[in-house]
Amino acid sequence: MPTVTSERPKKFDLVTKILANEQAAQDHYLLRCECPEIAEGALPGQFIHVLISDASALLLRRPFTIYSVEGDQITILYQRVGAGTDTLSHLGRGDSLHVMGPLGNNFSIPPNLDSAIIVGGGAGIASLMLHAAALRKLGTRTLGLVGSINAARLLSVADLEAIEVETHISTDDGSIGHHGFVTEILTQILEQPQVYELHNPVTYACGPYGMLRAVAKISRKFRVPMQLAMENRMGCAMGVCLGCVCKVRTPDGGFEYQRVCTEGPVFDAEDIVW
């Protein structure tokens, strides 16, 4: 399996206008804006850094994965969790945003990949949608495993089904789909790959740290290569502040701390020191 690519397109820092900002699920929103410069070079797994407001309490930008690209437009899927995203959720068509991107590295696709499994926990599915579209464009059989706390917060199922991704749902409370964790569905699928028509699959995942660790453990057990997108907090997104580092193995058997904003956010699961 090839390593995650580090090839980066040119970065842009610009002001754009919001075209739409609509609620997608409970406390989750889809924001669409016109950014031809970013849209042209955006790759699956990359993100933008957004200055939401000039207010003193919101001076730090927020990172958001690029959810989809359509022509000159990009979309982000975000969760309202604090003052910044609450302010963002109240912006509407015609309002301005200061955005920088595309940033970070991206998911890679091995040559002649036959099948893939994407595993999204909560808003983590936002990092996987553009990659799912890329996989389907190549004709790769793709299973989408989407986990949520409950049905009200379930994300992206219709978008995945629209590109013919076979989608499996889990909720913590059992209000829709499998009652339990999305990792339980992954184990069931990898225990019987012939039933799901999987041949030498690769797993791609994004979500809470605990979920990623569990998916990595399951993928290792079944000898399935895995790439993941980390969701660490970022201050500068330029590799300067060192606030988003994660522990990564080195070829000599040791480890080092790499920046999620620059060396990541996508890593091979085997490289992460959990």
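Pro102 is found in strand β6, where helices (H or I, at least four residues) and strands (E, at least two) are DSSP runs numbered from the N terminus. The model is predicted, so local features need pLDDT of at least 70 and side-chain atom pairs count only at pLDDT 80 or more, while totals for chains, interfaces and linings use all residues. Residues are numbered from 1 along each chain as its sequence is written, and side-chain values use heavy atoms, with hydrogens and water left out.

The peptide bond from Gly101 to Pro102 is cis, with omega near -5 degrees. A cis bond also joins Gly264 to Pro265, with omega near 15 degrees; Pro265 is placed in the loop between β14 and β15 (266-268). Most residues other than glycine have a negative phi, and most peptide bonds are trans. Asn200, in the loop between α5 and β11, is not a glycine but has a positive phi of about 50 degrees. Asn200 is exposed, with a relative accessible area of 59%; buried means under 20% relative accessible area, exposed over 50%, and partly exposed in between (1.4 Å probe, protein chains only). Ala237, in the loop between β12 and β13, likewise has a positive phi, of about 60 degrees, but is buried at a relative accessible area of 3%.

Helix α6 (residues 209-221) comprises 13 residues and reaches 18 Å from its first C-alpha to its last, close to the 18 Å expected at 1.5 Å a residue; the expected span is 1.5 Å times one less than the number of residues. Met211, Leu212, Val215, Ala216, Ile218 and Ser219 of α6 are buried. Viewed down the axis of α6, the buried residues fall within an arc of 165 degrees, so they line one face of the helix; the arc is that of the directions from the helix axis to the C-beta atoms. These buried residues pack against β7 (115-121), α5 (182-191), β11 (202-206) and β12 (226-229), contact meaning heavy atoms within 4.5 Å. Exposed Lys217 and Lys221 are carried on the face of α6 turned away from its buried side. Arg223, which follows α6, has a positive phi near 55 degrees.

Rings of Phe, Tyr and Trp (its six-membered ring) pair if their centres lie within 6.5 Å; planes under 30 degrees apart count as stacked, over 60 as edge-to-face and the rest as tilted. By this rule the count comes to 5 aromatic pairs. One of them is the edge-to-face pair of Phe107 and Tyr204, at 5.6 Å centre to centre and 90 degrees between the planes. This pair links distant parts of the chain, with Phe107 in the loop between β6 (96-103) and β7 and Tyr204 in strand β11, 97 residues apart. Both Phe107 and Tyr204 are buried. Phe255 and Tyr257 also pair edge-to-face, at 5.9 Å centre to centre and 90 degrees between the planes. Phe255 counts as partly exposed at 46% relative accessibility, and Tyr257 as exposed at 52%. The charged end of Lys247 sits over the ring of Phe255, 4.1 Å from its centre (NZ of Lys or CZ of Arg within 6 Å of the ring centre and within 35 degrees of the ring normal). Tyr29, Phe64 and Tyr78 form one aromatic cluster.
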